[in-house]
Amino acid sequence: MVKTLIKNGTVVNSTGTATADVLIDGERIAAVLAPGSTLLGFDIERNVDTVIDAAGKYVIPGGIDAHTHMQMPFGGTEASDTFETGTRAAAWGGTTSIVDFVVQYAGENVLDQYHLWQEKARGECAIDYGFHQILSDVQDSSLVAMDELVNEGVSSFKLFMAYKGVFLSDDGQIVKAMQKAASNGSMIMMHAENGSVIDLLVQQAVAAGNTTPYYHGLTRPWQAEEEATHRAIMLANLTGAPLYVVHVSAKQAVEQIAVARDRGQNVFGETCPQYLYLSLEDQLGAHSEEWGDFEGAKWVCSTPLRSKAEGHQHHMWQSLRTNDIQMVSTDHCPFCMKGQKDMGLTDFSKIPNGIGSVEHRMDLLYQGVVDKQISLERWVEVTSTTPARMFGMYGTKGVIQPGADGDVVVYDPKGHTSIGMPEAGLDKTHHMNLDYSAYEGFEIDGHVDTVLSRGKVVIDDNAYLGAKGDGKYIKRGLSQYLI
(Lines give C-alpha, C1' and ligand atoms only; values in the text may rest on other atoms or scores of the structure.)
Protein backbone atom coordinates (compact mmCIF):
# COMPACT_ATOMS: atom_id res chain seq x y z
CA MET A 1 0.00 0.00 0.00
CA VAL A 2 1.12 3.55 -0.71
CA LYS A 3 2.33 5.45 2.33
CA THR A 4 2.15 9.26 2.40
CA LEU A 5 3.56 11.65 4.98
CA ILE A 6 2.20 15.19 5.24
CA LYS A 7 4.79 17.01 7.33
CA ASN A 8 5.20 20.37 9.09
CA GLY A 9 1.58 21.45 8.65
CA THR A 10 -0.91 22.91 11.11
CA VAL A 11 -3.55 20.23 11.61
CA VAL A 12 -6.97 21.80 12.11
CA ASN A 13 -9.82 19.80 13.59
CA SER A 14 -13.07 21.22 14.93
CA THR A 15 -11.64 20.90 18.45
CA GLY A 16 -8.41 22.81 17.88
CA THR A 17 -5.13 23.12 16.01
CA ALA A 18 -1.69 21.58 16.42
CA THR A 19 1.55 21.44 14.48
CA ALA A 20 1.73 17.80 13.47
CA ASP A 21 2.72 15.28 10.82
CA VAL A 22 0.03 13.06 9.32
CA LEU A 23 0.92 9.56 8.16
CA ILE A 24 -1.46 7.92 5.70
CA ASP A 25 -1.06 4.20 5.06
CA GLY A 26 -3.10 3.07 2.07
CA GLU A 27 -6.58 4.58 2.36
CA ARG A 28 -6.52 5.51 6.05
CA ILE A 29 -4.73 7.81 8.44
CA ALA A 30 -2.29 5.71 10.45
CA ALA A 31 -0.88 8.31 12.83
CA VAL A 32 -0.87 11.98 13.79
CA LEU A 33 2.51 12.73 15.33
CA ALA A 34 4.62 15.58 16.60
CA PRO A 35 7.04 16.74 13.87
CA GLY A 36 10.11 14.53 13.75
CA SER A 37 8.58 12.03 16.17
CA THR A 38 10.37 8.67 16.60
CA LEU A 39 7.39 7.17 18.37
CA LEU A 40 7.00 4.56 15.62
CA GLY A 41 10.61 3.52 16.10
CA PHE A 42 11.90 4.43 12.67
CA ASP A 43 12.55 7.41 10.42
CA ILE A 44 9.07 7.88 8.97
CA GLU A 45 10.15 10.07 6.07
CA ARG A 46 12.56 7.42 4.81
CA ASN A 47 9.89 4.76 4.91
CA VAL A 48 7.08 6.36 2.89
CA ASP A 49 6.39 6.64 -0.81
CA THR A 50 5.36 10.30 -0.88
CA VAL A 51 6.21 13.30 1.28
CA ILE A 52 4.09 16.46 1.16
CA ASP A 53 5.61 19.48 2.88
CA ALA A 54 2.76 21.50 4.38
CA ALA A 55 4.91 24.08 6.19
CA GLY A 56 2.93 27.28 6.68
CA LYS A 57 -0.29 25.57 5.57
CA TYR A 58 -3.38 24.07 7.15
CA VAL A 59 -4.03 20.34 7.05
CA ILE A 60 -7.77 19.80 7.34
CA PRO A 61 -10.25 16.94 6.90
CA GLY A 62 -11.71 16.85 3.40
CA GLY A 63 -14.90 18.83 2.94
CA ILE A 64 -18.27 17.07 3.04
CA ASP A 65 -21.05 18.62 0.97
CA ALA A 66 -24.17 16.96 2.32
CA HIS A 67 -26.62 18.53 -0.15
CA THR A 68 -26.01 18.10 -3.88
CA HIS A 69 -28.16 17.27 -6.91
CA MET A 70 -26.05 15.73 -9.67
CA GLN A 71 -27.97 14.89 -12.86
CA MET A 72 -31.22 15.85 -11.16
CA PRO A 73 -34.27 15.97 -13.46
CA PHE A 74 -36.21 19.17 -12.79
CA GLY A 75 -38.57 21.43 -14.73
CA GLY A 76 -38.24 19.61 -18.04
CA THR A 77 -34.44 19.48 -17.99
CA GLU A 78 -31.62 17.97 -15.92
CA ALA A 79 -28.92 19.48 -13.71
CA SER A 80 -25.92 20.13 -15.94
CA ASP A 81 -23.32 18.47 -13.72
CA THR A 82 -23.10 14.71 -14.00
CA PHE A 83 -21.75 12.60 -11.17
CA GLU A 84 -18.45 12.63 -13.04
CA THR A 85 -18.16 16.36 -13.70
CA GLY A 86 -19.72 17.48 -10.42
CA THR A 87 -17.55 15.32 -8.17
CA ARG A 88 -14.43 16.28 -10.10
CA ALA A 89 -15.25 19.96 -9.56
CA ALA A 90 -15.87 19.22 -5.89
CA ALA A 91 -12.39 17.71 -5.60
CA TRP A 92 -10.86 20.85 -7.14
CA GLY A 93 -12.45 22.82 -4.30
CA GLY A 94 -11.35 20.59 -1.43
CA THR A 95 -14.54 18.55 -1.04
CA THR A 96 -13.88 14.82 -0.77
CA SER A 97 -17.39 13.50 -0.07
CA ILE A 98 -20.89 14.40 -1.20
CA VAL A 99 -24.31 13.19 -0.15
CA ASP A 100 -26.63 13.43 -3.15
CA PHE A 101 -30.39 13.00 -3.41
CA VAL A 102 -32.24 10.07 -4.91
CA VAL A 103 -35.35 11.55 -6.55
CA GLN A 104 -38.75 9.90 -6.25
CA TYR A 105 -41.68 11.51 -8.01
CA ALA A 106 -45.29 10.59 -7.20
CA GLY A 107 -46.13 7.10 -8.37
CA GLU A 108 -42.52 5.93 -8.60
CA ASN A 109 -41.24 3.06 -6.48
CA VAL A 110 -38.80 4.32 -3.85
CA LEU A 111 -36.43 1.36 -3.97
CA ASP A 112 -36.41 1.32 -7.78
CA GLN A 113 -35.29 4.96 -7.72
CA TYR A 114 -32.57 4.22 -5.19
CA HIS A 115 -31.16 1.48 -7.41
CA LEU A 116 -31.39 3.79 -10.44
CA TRP A 117 -29.31 6.46 -8.66
CA GLN A 118 -26.78 3.86 -7.61
CA GLU A 119 -26.42 2.92 -11.28
CA LYS A 120 -26.00 6.60 -12.25
CA ALA A 121 -23.20 7.15 -9.76
CA ARG A 122 -21.38 3.81 -9.77
CA GLY A 123 -18.00 4.06 -11.46
CA GLU A 124 -18.47 7.77 -12.26
CA CYS A 125 -17.55 9.67 -9.10
CA ALA A 126 -14.15 11.22 -8.48
CA ILE A 127 -14.75 11.29 -4.70
CA ASP A 128 -16.81 9.30 -2.21
CA TYR A 129 -20.58 9.65 -2.31
CA GLY A 130 -23.65 8.74 -0.29
CA PHE A 131 -27.37 9.26 -0.75
CA HIS A 132 -30.39 10.82 0.91
CA GLN A 133 -33.82 9.72 -0.34
CA ILE A 134 -36.49 12.16 -1.51
CA LEU A 135 -40.04 11.06 -0.71
CA SER A 136 -42.88 12.73 -2.61
CA ASP A 137 -46.02 10.63 -2.10
CA VAL A 138 -45.66 8.84 1.23
CA GLN A 139 -47.48 5.55 0.73
CA ASP A 140 -47.36 2.36 2.81
CA SER A 141 -44.68 1.01 0.45
CA SER A 142 -42.62 4.16 1.10
CA LEU A 143 -42.65 3.48 4.84
CA VAL A 144 -41.46 -0.10 4.29
CA ALA A 145 -38.75 1.23 1.97
CA MET A 146 -37.52 3.62 4.67
CA ASP A 147 -36.56 0.67 6.87
CA GLU A 148 -34.88 -1.11 3.97
CA LEU A 149 -32.94 1.98 2.94
CA VAL A 150 -31.60 2.55 6.46
CA ASN A 151 -30.05 -0.91 6.16
CA GLU A 152 -28.54 0.21 2.82
CA GLY A 153 -26.87 3.21 4.44
CA VAL A 154 -29.50 5.78 3.46
CA SER A 155 -30.49 7.14 6.86
CA SER A 156 -32.10 10.46 5.90
CA PHE A 157 -35.28 11.27 3.99
CA LYS A 158 -36.26 14.57 2.42
CA LEU A 159 -39.79 15.88 2.10
CA PHE A 160 -41.16 19.06 0.53
CA MET A 161 -43.77 21.55 1.68
CA ALA A 162 -43.70 23.17 -1.79
CA TYR A 163 -43.85 22.19 -5.50
CA LYS A 164 -47.43 20.97 -5.80
CA GLY A 165 -47.78 18.13 -8.28
CA VAL A 166 -44.03 17.51 -8.24
CA PHE A 167 -42.71 16.92 -4.71
CA LEU A 168 -45.27 18.39 -2.29
CA SER A 169 -46.32 16.18 0.62
CA ASP A 170 -49.33 17.15 2.71
CA ASP A 171 -49.07 17.36 6.49
CA GLY A 172 -50.57 13.90 6.96
CA GLN A 173 -47.97 12.34 4.68
CA ILE A 174 -45.24 14.23 6.48
CA VAL A 175 -46.45 12.93 9.84
CA LYS A 176 -46.43 9.34 8.53
CA ALA A 177 -42.82 9.68 7.40
CA MET A 178 -41.85 11.35 10.67
CA GLN A 179 -43.46 8.56 12.69
CA LYS A 180 -41.40 6.02 10.77
CA ALA A 181 -38.22 8.10 11.26
CA ALA A 182 -38.91 8.28 15.00
CA SER A 183 -39.11 4.49 15.12
CA ASN A 184 -36.08 3.61 12.97
CA GLY A 185 -33.76 6.43 14.03
CA SER A 186 -33.47 8.14 10.64
CA MET A 187 -33.40 11.88 9.96
CA ILE A 188 -36.19 13.83 8.28
CA MET A 189 -34.96 16.63 6.02
CA MET A 190 -37.41 19.34 5.07
CA HIS A 191 -37.74 21.85 2.25
CA ALA A 192 -39.69 24.33 4.35
CA GLU A 193 -41.71 26.79 2.25
CA ASN A 194 -45.48 27.22 2.18
CA GLY A 195 -46.12 26.05 -1.38
CA SER A 196 -49.77 27.07 -1.55
CA VAL A 197 -48.97 30.68 -0.67
CA ILE A 198 -46.07 30.76 -3.10
CA ASP A 199 -48.16 29.31 -5.95
CA LEU A 200 -50.78 32.02 -5.44
CA LEU A 201 -48.22 34.84 -5.34
CA VAL A 202 -46.51 33.51 -8.48
CA GLN A 203 -49.82 33.36 -10.36
CA GLN A 204 -50.64 36.92 -9.32
CA ALA A 205 -47.21 38.25 -10.32
CA VAL A 206 -47.26 36.63 -13.77
CA ALA A 207 -50.83 37.82 -14.37
CA ALA A 208 -49.70 41.36 -13.55
CA GLY A 209 -46.84 41.12 -16.06
CA ASN A 210 -44.12 40.91 -13.40
CA THR A 211 -42.10 38.15 -15.03
CA THR A 212 -38.41 38.97 -14.45
CA PRO A 213 -36.21 36.86 -12.12
CA TYR A 214 -36.43 39.54 -9.43
CA TYR A 215 -40.00 38.43 -8.77
CA HIS A 216 -38.84 34.91 -7.99
CA GLY A 217 -37.59 36.37 -4.71
CA LEU A 218 -40.64 38.51 -4.05
CA THR A 219 -43.07 35.63 -4.59
CA ARG A 220 -41.23 33.35 -2.13
CA PRO A 221 -41.32 35.71 0.90
CA TRP A 222 -39.63 35.01 4.20
CA GLN A 223 -43.02 34.59 5.84
CA ALA A 224 -43.63 31.49 3.71
CA GLU A 225 -40.31 30.06 4.90
CA GLU A 226 -40.82 30.94 8.55
CA GLU A 227 -44.36 29.51 8.62
CA ALA A 228 -43.34 26.23 7.01
CA THR A 229 -40.28 25.93 9.26
CA HIS A 230 -42.47 26.39 12.34
CA ARG A 231 -45.02 23.86 11.03
CA ALA A 232 -42.31 21.29 10.31
CA ILE A 233 -40.89 21.80 13.80
CA MET A 234 -44.30 21.26 15.39
CA LEU A 235 -44.95 18.08 13.40
CA ALA A 236 -41.50 16.80 14.39
CA ASN A 237 -42.30 17.67 18.01
CA LEU A 238 -45.55 15.70 17.75
CA THR A 239 -43.85 12.61 16.37
CA GLY A 240 -40.47 12.72 18.07
CA ALA A 241 -38.58 12.63 14.76
CA PRO A 242 -35.26 14.44 14.31
CA LEU A 243 -35.66 17.32 11.84
CA TYR A 244 -33.05 18.89 9.57
CA VAL A 245 -34.23 22.00 7.71
CA VAL A 246 -32.39 22.41 4.41
CA HIS A 247 -31.15 25.62 2.74
CA VAL A 248 -32.31 28.05 5.43
CA SER A 249 -32.22 31.57 4.00
CA ALA A 250 -34.47 33.75 6.21
CA LYS A 251 -33.42 35.01 9.60
CA GLN A 252 -36.97 34.46 10.86
CA ALA A 253 -36.71 30.75 10.01
CA VAL A 254 -33.45 30.58 11.98
CA GLU A 255 -35.27 32.04 14.97
CA GLN A 256 -37.84 29.23 14.81
CA ILE A 257 -35.04 26.64 14.77
CA ALA A 258 -33.27 28.34 17.68
CA VAL A 259 -36.42 28.34 19.82
CA ALA A 260 -36.99 24.65 19.18
CA ARG A 261 -33.37 23.81 20.01
CA ASP A 262 -33.59 25.82 23.21
CA ARG A 263 -36.51 23.55 24.17
CA GLY A 264 -34.23 20.56 23.69
CA GLN A 265 -35.77 19.37 20.42
CA ASN A 266 -33.66 17.59 17.81
CA VAL A 267 -33.97 20.31 15.18
CA PHE A 268 -31.09 21.34 12.95
CA GLY A 269 -30.53 23.73 10.08
CA GLU A 270 -28.16 24.18 7.17
CA THR A 271 -27.48 27.26 5.15
CA CYS A 272 -25.62 27.64 1.85
CA PRO A 273 -22.93 30.01 0.52
CA GLN A 274 -25.50 31.88 -1.58
CA TYR A 275 -27.35 32.96 1.56
CA LEU A 276 -24.14 34.26 3.11
CA TYR A 277 -22.88 36.27 0.14
CA LEU A 278 -25.64 36.91 -2.42
CA SER A 279 -28.84 38.95 -2.27
CA LEU A 280 -32.17 39.82 -3.85
CA GLU A 281 -30.98 43.30 -4.73
CA ASP A 282 -27.54 42.56 -6.16
CA GLN A 283 -28.11 39.23 -7.91
CA LEU A 284 -31.80 38.54 -8.60
CA GLY A 285 -32.15 42.18 -9.55
CA ALA A 286 -29.04 42.20 -11.75
CA HIS A 287 -28.93 43.54 -15.33
CA SER A 288 -26.43 42.83 -18.10
CA GLU A 289 -25.86 43.82 -21.70
CA GLU A 290 -26.26 40.22 -22.84
CA TRP A 291 -29.32 39.22 -20.84
CA GLY A 292 -30.93 42.48 -19.73
CA ASP A 293 -33.15 41.99 -16.64
CA PHE A 294 -32.95 38.23 -17.21
CA GLU A 295 -29.38 38.31 -15.84
CA GLY A 296 -30.88 37.52 -12.44
CA ALA A 297 -31.85 34.05 -13.66
CA LYS A 298 -28.30 32.96 -12.87
CA TRP A 299 -29.20 33.11 -9.20
CA VAL A 300 -32.74 31.71 -9.21
CA CYS A 301 -32.84 29.04 -6.50
CA SER A 302 -35.24 27.98 -3.78
CA THR A 303 -35.34 29.07 -1.07
CA PRO A 304 -34.56 32.36 -2.80
CA LEU A 305 -31.86 34.92 -2.20
CA ARG A 306 -33.03 37.30 0.51
CA SER A 307 -32.96 41.07 0.82
CA LYS A 308 -29.65 42.54 1.89
CA ALA A 309 -31.51 45.51 3.36
CA GLU A 310 -33.35 43.16 5.74
CA GLY A 311 -30.08 41.76 7.12
CA HIS A 312 -30.56 38.07 6.37
CA GLN A 313 -26.95 37.52 5.25
CA HIS A 314 -25.56 39.09 8.43
CA HIS A 315 -27.85 36.92 10.53
CA MET A 316 -26.75 33.75 8.73
CA TRP A 317 -23.11 34.39 9.65
CA GLN A 318 -24.16 35.13 13.22
CA SER A 319 -26.15 31.89 13.31
CA LEU A 320 -23.07 29.93 12.26
CA ARG A 321 -21.12 31.50 15.13
CA THR A 322 -23.81 30.68 17.71
CA ASN A 323 -24.64 27.22 16.30
CA ASP A 324 -28.26 28.15 15.66
CA ILE A 325 -27.32 26.92 12.18
CA GLN A 326 -25.10 23.86 12.34
CA MET A 327 -23.51 23.49 8.91
CA VAL A 328 -23.10 24.76 5.36
CA SER A 329 -23.93 22.71 2.27
CA THR A 330 -24.40 23.99 -1.27
CA ASP A 331 -27.69 22.64 -2.65
CA HIS A 332 -25.57 22.29 -5.78
CA CYS A 333 -28.06 22.04 -8.66
CA PRO A 334 -26.55 23.79 -11.69
CA PHE A 335 -28.38 24.78 -14.87
CA CYS A 336 -26.76 26.58 -17.79
CA MET A 337 -28.13 29.95 -18.88
CA LYS A 338 -28.31 28.91 -22.52
CA GLY A 339 -30.71 26.07 -23.15
CA GLN A 340 -31.85 25.69 -19.54
CA LYS A 341 -32.35 28.86 -17.48
CA ASP A 342 -33.60 30.64 -20.62
CA MET A 343 -36.65 28.35 -20.59
CA GLY A 344 -38.02 31.07 -18.32
CA LEU A 345 -36.99 34.03 -20.46
CA THR A 346 -40.51 35.47 -20.44
CA ASP A 347 -41.74 33.89 -17.20
CA PHE A 348 -39.56 33.56 -14.08
CA SER A 349 -41.68 30.65 -12.81
CA LYS A 350 -40.32 28.48 -15.63
CA ILE A 351 -36.64 29.06 -14.76
CA PRO A 352 -35.05 25.86 -13.43
CA ASN A 353 -34.17 26.48 -9.79
CA GLY A 354 -30.56 26.01 -8.80
CA ILE A 355 -27.05 27.40 -8.37
CA GLY A 356 -23.69 25.68 -8.89
CA SER A 357 -21.46 25.98 -5.80
CA VAL A 358 -19.90 22.59 -5.05
CA GLU A 359 -16.44 23.74 -6.16
CA HIS A 360 -16.39 26.94 -4.13
CA ARG A 361 -17.91 26.14 -0.71
CA MET A 362 -14.63 25.51 1.13
CA ASP A 363 -13.04 28.68 -0.26
CA LEU A 364 -16.07 30.88 0.37
CA LEU A 365 -16.30 29.71 3.98
CA TYR A 366 -12.56 30.18 4.47
CA GLN A 367 -13.01 33.79 3.40
CA GLY A 368 -15.37 33.99 6.37
CA VAL A 369 -12.39 33.08 8.56
CA VAL A 370 -10.29 35.81 6.97
CA ASP A 371 -13.11 38.30 7.46
CA LYS A 372 -13.47 37.18 11.11
CA GLN A 373 -17.01 35.92 10.64
CA ILE A 374 -16.09 32.45 11.95
CA SER A 375 -13.03 30.84 13.54
CA LEU A 376 -10.60 28.49 11.81
CA GLU A 377 -11.93 25.54 13.81
CA ARG A 378 -15.52 26.50 13.08
CA TRP A 379 -14.68 26.49 9.36
CA VAL A 380 -13.70 22.85 9.63
CA GLU A 381 -16.68 22.10 11.84
CA VAL A 382 -19.40 23.48 9.55
CA THR A 383 -17.87 22.18 6.31
CA SER A 384 -16.69 18.72 7.39
CA THR A 385 -17.05 17.57 10.99
CA THR A 386 -20.71 18.40 11.56
CA PRO A 387 -21.82 17.02 8.16
CA ALA A 388 -20.05 13.79 9.11
CA ARG A 389 -21.71 13.64 12.52
CA MET A 390 -25.11 14.79 11.28
CA PHE A 391 -25.30 12.07 8.67
CA GLY A 392 -23.61 9.09 10.27
CA MET A 393 -20.08 9.21 8.88
CA TYR A 394 -17.98 10.64 11.70
CA GLY A 395 -14.79 8.85 12.67
CA THR A 396 -14.32 7.64 9.12
CA LYS A 397 -14.99 11.10 7.69
CA GLY A 398 -14.77 14.63 9.09
CA VAL A 399 -11.65 14.41 11.25
CA ILE A 400 -7.86 14.06 11.10
CA GLN A 401 -7.22 11.15 13.44
CA PRO A 402 -5.87 7.58 13.26
CA GLY A 403 -8.35 5.23 11.63
CA ALA A 404 -10.13 7.92 9.63
CA ASP A 405 -10.14 7.85 5.86
CA GLY A 406 -7.22 9.63 4.26
CA ASP A 407 -9.48 12.47 3.08
CA VAL A 408 -7.14 15.40 3.63
CA VAL A 409 -6.79 18.91 2.21
CA VAL A 410 -3.62 20.99 2.40
CA TYR A 411 -4.83 24.59 2.37
CA ASP A 412 -2.54 27.57 1.90
CA PRO A 413 -3.70 30.66 3.84
CA LYS A 414 -1.12 32.74 1.96
CA GLY A 415 -2.40 31.58 -1.43
CA HIS A 416 -5.07 33.24 -3.52
CA THR A 417 -8.06 32.00 -5.50
CA SER A 418 -9.93 33.94 -8.17
CA ILE A 419 -13.39 32.55 -8.83
CA GLY A 420 -14.93 32.84 -12.27
CA MET A 421 -15.02 31.51 -15.79
CA PRO A 422 -11.56 30.65 -17.18
CA GLU A 423 -12.11 32.73 -20.32
CA ALA A 424 -12.50 35.78 -18.08
CA GLY A 425 -8.97 35.22 -16.80
CA LEU A 426 -6.56 32.34 -17.12
CA ASP A 427 -6.01 32.17 -13.37
CA LYS A 428 -9.71 31.85 -12.56
CA THR A 429 -11.09 28.58 -11.25
CA HIS A 430 -14.26 26.99 -12.57
CA HIS A 431 -14.52 23.28 -13.31
CA MET A 432 -18.28 22.75 -13.02
CA ASN A 433 -20.23 21.90 -16.18
CA LEU A 434 -21.86 25.31 -16.23
CA ASP A 435 -21.70 28.21 -18.69
CA TYR A 436 -21.42 30.93 -16.03
CA SER A 437 -20.17 31.37 -12.48
CA ALA A 438 -22.53 32.46 -9.72
CA TYR A 439 -19.47 33.89 -7.94
CA GLU A 440 -17.81 35.60 -10.90
CA GLY A 441 -15.16 38.01 -9.65
CA PHE A 442 -14.98 36.76 -6.06
CA GLU A 443 -11.43 36.83 -4.68
CA ILE A 444 -10.46 34.39 -1.92
CA ASP A 445 -7.52 34.94 0.43
CA GLY A 446 -6.53 31.27 0.47
CA HIS A 447 -5.98 28.34 -1.88
CA VAL A 448 -6.59 24.59 -2.04
CA ASP A 449 -3.10 23.22 -2.76
CA THR A 450 -3.39 19.45 -2.38
CA VAL A 451 -6.37 17.14 -1.99
CA LEU A 452 -6.21 13.49 -1.00
CA SER A 453 -9.21 11.19 -1.26
CA ARG A 454 -8.75 8.00 0.77
CA GLY A 455 -5.01 8.45 0.56
CA LYS A 456 -4.81 9.13 -3.17
CA VAL A 457 -3.64 12.56 -4.31
CA VAL A 458 -6.36 13.82 -6.64
CA ILE A 459 -5.45 17.53 -6.78
CA ASP A 460 -1.90 18.88 -6.57
CA ASP A 461 -0.07 21.92 -7.92
CA ASN A 462 -3.15 23.11 -9.84
CA ALA A 463 -3.51 19.76 -11.61
CA TYR A 464 -6.18 17.07 -11.46
CA LEU A 465 -4.62 13.66 -10.83
CA GLY A 466 -7.75 11.65 -10.09
CA ALA A 467 -10.12 9.70 -12.29
CA LYS A 468 -13.79 8.86 -12.48
CA GLY A 469 -14.47 5.80 -10.43
CA ASP A 470 -12.06 6.80 -7.66
CA GLY A 471 -15.05 7.48 -5.40
CA LYS A 472 -16.72 4.77 -3.34
CA TYR A 473 -20.24 4.55 -1.96
CA ILE A 474 -20.55 5.65 1.67
CA LYS A 475 -22.86 3.36 3.62
CA ARG A 476 -23.92 5.77 6.31
CA GLY A 477 -25.10 5.04 9.83
CA LEU A 478 -27.64 6.93 11.91
CA SER A 479 -27.00 10.52 12.95
CA GLN A 480 -24.29 11.04 15.56
CA TYR A 481 -25.44 14.59 16.31
CA LEU A 482 -28.68 13.96 18.20
CA ILE A 483 -29.12 15.40 21.68
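**Aromatic rings and a buried lysine**

Author: Happy to! Phe 74, Tyr 105, Phe 160, Tyr 163, Phe 167 and Phe 335 form one aromatic cluster. Do keep in mind that this is a predicted model.

Reader: Thanks! How many aromatic pairs does a search of the whole structure find?

Author: The search finds 22 aromatic pairs. One of them is formed by Phe 83 and Phe 131, an edge-to-face pair with 6.4 Å centre to centre and 80° between the planes.

Reader: And where in the chain do Phe 83 and Phe 131 sit?

Author: Phe 83 is in helix α1 (residues 83-92), while Phe 131 is in strand β10 (residues 128-134). They are 48 residues apart, and the pair links distant parts of the chain.

Reader: Are Phe 83 and Phe 131 buried or exposed?

Author: Both Phe 83 and Phe 131 are buried. There is also a tilted pair to look at: Tyr 129 and Tyr 473, at 6.0 Å centre to centre with 55° between the planes. Tyr 129 belongs to strand β10, and Tyr 473 lies in the segment after β22 (463-464), 344 residues apart.

Reader: Nice. Why does Tyr 129 count as buried, and what about Tyr 473?

Author: Tyr 129 has a relative accessible area of 4%, so it is buried, the cut-off being under 20%. Tyr 473 counts as partly exposed because its relative accessibility is 24%.

Reader: Switching topic: which lysine lies over the face of Trp 117?

Author: That's Lys 120, at 3.6 Å from the ring centre of Trp 117. In another case, Lys 158 lies over the face of Phe 101, at 4.6 Å from the ring centre.

Reader: Oh! Which side chain of opposite charge is nearest to Lys 341?

Author: Asp 435 is the nearest one, 9.3 Å away.

Reader: So which backbone oxygen lies 2.8 Å from a polar atom of the Lys 341 side chain?

Author: The backbone oxygen of Gly 354 does.

Reader: Last one: what else is Lys 341 in contact with, leaving aside its neighbours within four places in sequence?

Author: Its contacts include Phe 294, Ala 297, Val 300, Cys 336, Ile 351 and Tyr 436.

Technical notes
Residues numbered from 1 in each chain as written. Predicted model: local features only at pLDDT ≥ 70, side-chain atom pairs only at ≥ 80, totals over all residues. Heavy atoms only, no water. Phe/Tyr/Trp six-rings, centres within 6.5 Å; stacked < 30°, edge-to-face > 60°. Helix = DSSP H or I, 4+ residues; strand = E, 2+ residues; numbered from the N terminus. Buried < 20%, exposed > 50% of the residue type's maximum accessible area, 1.4 Å probe, protein only. Lys NZ or Arg CZ within 6 Å of the ring centre and 35° of its normal. Lys, Arg positive; Asp, Glu negative; His and termini not counted. Salt bridge = Lys/Arg side-chain N within 4 Å of Asp/Glu carboxyl O. Polar contact = N/O pair within 3.5 Å; in protein donor to acceptor, adjacent residues only side chain to side chain. Contact = heavy atoms within 4.5 Å.
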